[in-house]
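Please keep the structure open as you read along.

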Amino acid sequence: MPEFQLYCFAQSGNAYRAALMLNLIGADWEPIFVDFFKKGVQRTPEYRENINEMGEAPVLVHDSRKLSQSGVILTYLAEHSGKLLPRGEDERLEALRWILFDNQKVGGNLGPYRFLRNFAKPPGHPAVLEFLKRRIDGSLAILDKRLSRNPYFLGTEPTIADVSLTSYLYYPPEEYGFDLTAQHKNVAAWLNRIKALPGWGHPYDLMPGHPLPA
Ligand SMILES: N[C@@H](CCC(=O)N[C@@H](CS)C(=O)NCC(=O)O)C(=O)O
């Protein structure tokens, strides 16, 4: 059996952070499919009792540990492998700052926007989509400005802050109805740099469940 198991599904940018990290550190891992869309497995009492009381994916299983929250998973894997690890207290706190910003403002808005536009039946109300889109534009501009200084969020080397922030950014533009990087050239260049790292994979290739059954 592989060393790590990851509860995940292809459409989840939250889970992608963990799947990408496992691949970038060259871990021996396997995905365990969470049937989010058809069965809503994450809402069942069994999932909440045995896998994650928060009712979310991703969940990383390693030996006797079950870890949820992608930021915790990234921290654990970086400390375990020594790779993509922020160095020293200042970098550790800086990485945490970007991971929290990502969870709330970047992936935290892109995820619901893409879900409501692309997967929800019926789709989300236009006013809600417009609200989220404005917030997305605002947070991408913040990323773009930061990346005008350095190639990666913490400087010259990639860390878990970068891995976290990729969460929803590699999904196809058709799913958003606009090109996320058209106005944000530094974000586009950074995404290409991450893509060139050994072990990079697209979310639809790393995790099961794409395409969704008709
Ligand atoms: N902050 C969490 C977010 C996890 C999350 O919201 N995952 C979604 C899938 S993309 C989920 O499982 N949602 C459960 C639900 O809405 O029922 C993380 O980064 O791991």
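## Ligand shell and helix packing

By class, the residues around the ligand comprise 8 polar, 2 charged and 2 nonpolar ones. Bear in mind that this is a predicted model. Which residues surround the ligand? They are S12, N14, Q42, R43, G55, E56, A57, P58, Q69, S70, N103 and G111.

S70 also belongs to helix α3, which covers residues 70-81. Within α3, the buried residues include S70, G71, I73, L74, T75, L77 and A78. An α-helix has 3.6 residues a turn, so residues three or four places apart point the same way. The partners of the buried α3 residues are α1 (13-24), β3 (59-62), β4 (65-68), α4 and α6 (160-165). After α3 comes G82, with a positive phi near 75°.

Now for helix α4 (residues 88-119), which packs with α5 (residues 126-146) at an angle of about 145°, their axes being 9 Å apart. The crossing of α4 past α5 is left-handed. The table shows which residues make this contact.

| Helix | Residues in the contact |
|---|---|
| α4 | K105, V106, N109, L110, P112, Y113, L116, R117 |
| α5 | V128, L129, L132, K133, R135, I136, S139, L143 |

By class, the contact of α4 with α5 has 10 nonpolar, 4 charged and 2 polar residues.

Note on methods
Residues numbered from 1 in each chain as written. Predicted model: local features only at pLDDT ≥ 70, side-chain atom pairs only at ≥ 80, totals over all residues. Near = placed C-beta within 6 Å. Nonpolar A, V, L, I, M, F, W, Y, C, P; charged D, E, K, R; others polar. Axes fitted to C-alpha atoms, helices over the stretch in contact; angles between N-to-C directions. Helix = DSSP H or I, 4+ residues; strand = E, 2+ residues; numbered from the N terminus. Left-handed = near helix turned anticlockwise from the far one by under 90°. Contact = placed C-beta atoms within 7 Å. Expected span 1.5 Å × (residues − 1). Buried ≥ 20, exposed ≤ 12 C-beta atoms within 10 Å, placed from the backbone.
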